Amino acid sequence: MEADMKKVIEVNDLCCERCARRLAGTLELSDGVLKAKANFKKNCIFVEVLSDFPDEKLKEIVGGAGFEVLSIAPRKGLFA
């Protein structure tokens, strides 16, 4: 079984809770994305993906939903 990775996707202008939920839902529909939770106040999405899921694919999904990806980084911290 593949290990999963937690990442933070920073996006430009997640304007409201509705947009954030829509984007998280779009990500979760993709094979390889296990979980997604967006925070519109911080303009970021926390995702859990399979270890071989490429960042380029995340950028493609987010871009396809109408948002600009500013960065994708491994999620660090106590509960990562």
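Let me begin with helix α2, where Lys59 and Glu56 lie three residues apart, about one turn of the helix. In this predicted model, their side chains meet in a salt bridge at 3.6 Å, N to O. Lys59 is partly exposed, with a relative accessible area of 37%, whereas Glu56 counts as exposed at 54%.

Helix α2 holds another such pair: Glu60 and Lys57 are also three residues apart, about one helical turn, and their side chains form a salt bridge at 3.4 Å, N to O. Here Glu60 is exposed at 52% and Lys57 is partly exposed at 33%.

The count comes to five salt bridges. One of them joins Lys35 and Glu48 at 3.8 Å, N to O. That pair links distant parts of the chain, with Lys35 in strand β2 and Glu48 in strand β3, 13 residues apart. Glu48 is buried, with a relative accessible area of 13%.

The largest nonpolar core has 22 residues, of which Ile9, Leu27, Ile45, Leu58 and Val62 touch the most other members. Two or more residues each come from β1, α1, β2, β3, α2 and β4, and the largest share, five residues, comes from α1. Beyond its neighbours within four places in sequence, Leu27 is in contact with Val33, Ala36, Ile45, Val47, Leu58, Ile61 and Val62.

Finally, the cysteines. How many disulfides are there? The count is zero. The sulfur of Cys15 is 3.3 Å from the closest cysteine sulfur, in Cys19, and that is too far for a bond, because the cut-off is 2.5 Å. For Cys44, the nearest cysteine sulfur is that of Cys15, 15 Å away. Cys44 counts as buried, at 6% relative accessibility.

Notes:
Residues numbered from 1 in each chain as written. Predicted model: local features only at pLDDT ≥ 70, side-chain atom pairs only at ≥ 80, totals over all residues. Heavy atoms only, no water. Core = buried A, V, L, I, M, F, W, Y, C linked by side-chain atoms within 4.5 Å. Buried < 20%, exposed > 50% of the residue type's maximum accessible area, 1.4 Å probe, protein only. Helix = DSSP H or I, 4+ residues; strand = E, 2+ residues; numbered from the N terminus. Contact = heavy atoms within 4.5 Å. Salt bridge = Lys/Arg side-chain N within 4 Å of Asp/Glu carboxyl O.
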